[in-house]
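Hello,

Here is the structure I said I would pass on. My notes on it follow below.

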Amino acid sequence: MKKILFVASEAVPFIKTGGLADVVGSLPKSIDSEYFDVRVILPKYACIKQEWKERMQYITHFHIDYNWNSTYVGVFELIEDGVHYYFIDNEYYFHQDQPYTDDIRWDIERFAYFSKAALSVLPDIDFCPDLVHCHDWQTGLVPAFLKEQFVANPFYSHMKTVFTIHNLKFQGRWGTWDVKNMTGLPDRVFDEEYGANLLRAGLLYGDAITTVSDTYAEEIKTQYYGEGMDGILRMRSGDLRGIVNGIDYTDFNPESDPLIVKNYDQSTFRKDKSKNKRALQRELGLPVDEKKMMIGIVSRLTDQKGMDLIACVLDELCADEIQLVVLGTGEERYENMFRHFAWKYGDKVAANICYSEALSHKVYASCDAFLMPSLFEPCGLSQLMSLRYGTLPIVRETGGLKDTVEPYNEYESKGTGFSFTNYNAHEMLGVIRYAQHVFYDKKREWNKMVDRAMKADFSWKNSAKKYQEMYDWLIG
């Protein structure tokens, strides 16, 4: 049996700030346990809910040399859904109310410690992985520590590493002297131009590199999307592959979802999906009309998610026969923009400037279309959820959005949603209006598209197979 260790800064159900947690929480239990023993190491944050802490079992503790100190490392274990999770305990580094802080230098010190501790615990937990799978900049130093400080120890000498980029924009950068001083890593790990860049270290030292969609894997090799790393990614293009994320088809299942008013499936959505729409209209104070096209947005309200495009044409969009339901938080200007339009067009716009898991499920189940016009999108999960619920995505053709949403072709009656190419507000508006035309004037075609969307399979089992193939290729 091949042994795989995931090292990450977050994972559901323990701690979550974004899609990274969904991947690290879902992928290990989707990998075939007959052939792979997959375990996960996470920080033991103070903000993890008490119900999880009470289930953790103390394993051991020891000290490591870090930042010129003998630094405490505690180890706890919890088994959930058949997966062993280990938690690195150090209250000095992980006492905050959130996994990340506003002080990047402090976060770099915390996660550099975590990266070294994650390798150091392995002999004590009696787990010698064939491959260490590292996720995002917070674990970028794991491959560097392994090859620069641990490889002389026979216990570690055979281990391979995979580094997965979930979002290239976030890199963990600080001054070289500080990071070199705290980690003891040599000059060659860093670079005069880039300074200490933890993500860059992962790209250089990982035996393989993955990211979360085929299109994003190609995009990040260009200067426009490469965030300064495109040269390294082109150099390592033979070791780089894209594997689309999945979603948990148990949690996101319109047939059994306890958070929605009326369950439905492919055979019943024509009569039952609209019952969710009417319930949501009543809940949000919108006119109750199941024939009115409802468009949903569940998103961080930032430029990356295309909110500036929506800002350009929102008055024009509100002149159409639509309702717009927004759920999310983000930049203050966009939060206030949606609040203003909800006031200005109270019968058309419902702005929910918060995050609610229950309300997000209701939006996916109730809306007819789902708008996601991202500037860039490594994979995206919201469009996968909307497909699962038969809510047709309207997306820009970038990253995972391009890989997962097949644009409607009226001549061949194909497609699972609508898309546009250029980052242009009126091109987006044109596609939204084309979707309205199909919704109002070609209802049979719309329903056939909903049927295809609900049939699309973006469960983790498909993604897990591709990861397993990569593990086999690397381990041999």
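I started with N253, which sits in the loop between β11 (240-242) and α10 (269-284). Keep in mind that the model is predicted.

Is N253 buried or exposed? Its relative accessibility is 16%, and buried means under 20%, so N253 counts as buried. Setting aside its neighbours within four places in sequence, N253 is in contact with R388 and Y389. With R388 there is also a polar contact of 3.5 Å between the side chains.

Next, the start of the chain. Strand β1 (residues 2-7) pairs with strand β2 (residues 36-43) in the parallel sense, over six bridges. V7 has I41 in β2 as its bridge partner. Between β1 and β2 the chain passes through helix α1 (residues 19-30), and this β-α-β crossover is right-handed.

β1 has another parallel pairing, with strand β6 (residues 131-135), over four bridges. There, I4 stands opposite L131 of β6.

What span should α1 have? It has 12 residues, and at 1.5 Å a residue they should span 16 Å; the end C-alpha atoms are 16 Å apart, so the two agree.

α1 is also mostly covered, with nine of its 12 residues buried. They are L20, A21, D22, V23, V24, G25, S26, L27 and P28. Which elements cover them? Among them are β1, β2 and β6, together with β5 (83-89) and α18 (460-475).

To follow this in the viewer, begin with N253 and its contacts R388 and Y389, then go to β1 and trace the chain through α1 to β2.

Regards

Terms used:
Residues numbered from 1 in each chain as written. Predicted model: local features only at pLDDT ≥ 70, side-chain atom pairs only at ≥ 80, totals over all residues. Heavy atoms only, no water. Pairing = 2+ DSSP bridges. Helix = DSSP H or I, 4+ residues; strand = E, 2+ residues; numbered from the N terminus. Right-handed = clockwise from strand over helix to strand, strands pointing away. Expected span 1.5 Å × (residues − 1). Buried < 20%, exposed > 50% of the residue type's maximum accessible area, 1.4 Å probe, protein only. Contact = heavy atoms within 4.5 Å. Polar contact = N/O pair within 3.5 Å; in protein donor to acceptor, adjacent residues only side chain to side chain.
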